[in-house]
Amino acid sequence: MNRWLLPQDRVPEAWYNVTPHLGDALAPPLHPATRQPVGPDDLAPLFPMELIAQEVSTEPWITIPGPIIDVLRLWRPTPLVRARRLEEALDTPARIYFKDESVSPAGSHKPNTAVAQAYYNASGGVQRLATETGAGQWGSALSFAGALFGLEVKVYMVRASYLQKPYRRVLMETWGASVVPSPVDEPEHPGSLGTAISDAVRDAASRDDTHYALGSVLNHVLLHQTVIGLEAREQLQMAGEERPDVVIGCCGGGSNLGGISLPFVPDAAVRLLAVEPSSCPTLTKGAFDYDFGDVAGLTPLLAMYTLGHDFVPPAIHAGGLRYHGDSPIISALVRSGRMEAVAYPQKDIFEAAVKFARTQGTVCAPETGHAIRAVIDEALVAKEAGEERVILFDYSGHGLLDLSAYDDFLNDRLID
Ligand SMILES: *Cc1c(COP(=O)(O)O)cnc(C)c1O
């Protein structure tokens, strides 16, 4: 056996809320002008009330509405796969499992929250969503979800990606979204996630029919992603494993990592590991502080590890990991020592991604390559120690729209 599948009727019926396990480690978001904790009314122009309630909820479980489960069933439960050929190539006694989130319509984990956010906005009477996207992963997930719930979607795409990576724009337009390059008012500027968030927040704040949607970082986004870890825990048992020794995920804003790891937080025997690029080392080199989520300083201040909201990371290929800040939940876990963090340069990442492709077959997203790099290193440590460790990681997305990055690696044009 190398794949464990759950039947369609086993999509989780509730999301797992880790907040009760964090105690007072989670500091409240502050209003950008007054620097007082934000209340529901401050967020109401941007988000529907259900999502605002989830953002601050301390309920241990939150029921998933039926219409969301119906859409998730288009591709969930996703497979749990054992990477036996990678194990053999590494000659390791470790057993390596991954949760394959690349099988979603948009090719990553991001639709797990996009579908929930589109549902709550549509059922709350909103007609239009504005959002940002870097290379296009989040924009395509929200465009897909918007199409299924009848919402108009406007995507502000980082200009450099808009010009260089047309395929995800075409995907978004195929699902009916309208896509413009950001920053909208500076046509020569290459843009960044921070400028695109500013554009999208401004759009949503200026129109009554429009809300804003964020693809990572916030508590409700990580909450929606916990279906990954909940399914994985059940599938590991089917595979005969009591628990993983370590759970690994790449970390940009923290949503796929949170999704796979948060259900394991209460089990102290399970190590949790975040992997980030050394060119945007938020968790390993950032400061824990209140900071804005965007360049213009329009968003609430979040307590998180940050490199500063005006930090512009180098143009590495893992666009989804180029964010100056991090999820407050992930930041709290790292700060308390419950989660570890490690950073790698991009050549090490592509070496690992290519090794995976040449053993397991599939070509991963450059973001996912970060997790695989750390998995390989953990498996080699297990080999040295002669220990049968169980490694679980999140295969956050496929790389079939990132082939220019592989081309650069294979032709020695990558810079670190
Ligand atoms: C967006 C993205 C990431 C990074 O975002 P997180 O919120 O940290 O999960 C990782 N992998 C893929 C494939 C992505 O699209």
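**Helix packing, ligand shell and sheet: exercises**

The crossing of α6 and α8 is left-handed, that is, the near helix is turned anticlockwise from the far one by less than a right angle (clockwise would be right-handed). Helices (H or I, at least four residues) and strands (E, at least two) are DSSP runs, numbered from the N terminus. This is a predicted model: local features need pLDDT of at least 70 and side-chain atom pairs count only at pLDDT 80 or more, while totals for chains, interfaces and linings use all residues. Residues are numbered from 1 along each chain as its sequence is written.

**Exercise 1.** At what angle do α6 and α8 pack, and how far apart are their axes?

*Solution.* Start with the geometry: α6 (residues 137-149) and α8 (residues 166-174) pack at about 15 degrees, with axes 8 Å apart. So α6 is roughly parallel to α8. The label covers angles under 35 degrees; over 145 is roughly antiparallel, 65 to 115 roughly perpendicular and the rest oblique. Axes are lines fitted to C-alpha atoms, for helices over the stretch in contact, and angles run from 0 to 180 degrees between N-to-C directions.

Next, pick out the contact: Gly139, Ser140 and Ser143 come from α6, and Arg168, Leu171 and Met172 from α8. Contact means C-beta atoms, placed from the backbone, within 7 Å. Finally, sort these residues by class: two are nonpolar, three polar and one charged. Here Ala, Val, Leu, Ile, Met, Phe, Trp, Tyr, Cys and Pro count as nonpolar, Asp, Glu, Lys and Arg as charged, and the others, Gly among them, as polar.

**Exercise 2.** Which of the residues around the ligand come nearest?

*Solution.* Look for Ser216, Gly252, Ser255, Gly320 and Gly397, which come nearest out of 20 residues; being around it means a C-beta atom, placed from the backbone, within 6 Å. Then turn to the elements: α6, α12 (255-261) and α16 (366-385) each give two or more residues to this shell. The largest share, three residues, is from α12. By class, the shell has six nonpolar, twelve polar and two charged residues.

**Exercise 3.** In what order do the seven strands of the open sheet lie?

*Solution.* Trace β1-β4-β5-β15-β10-β11-β14, with mixed pairing; strands pair if DSSP finds at least two bridges between them. At the edges sit β1 (3-4) and β14 (339-344), each pairing on one side only. Now zoom in: β10 (residues 246-250) and β11 (residues 271-277) run parallel, joined by five bridges. Val246 stands opposite Arg271 in β11.

Definitions and conventions: Contact = placed C-beta atoms within 7 Å.
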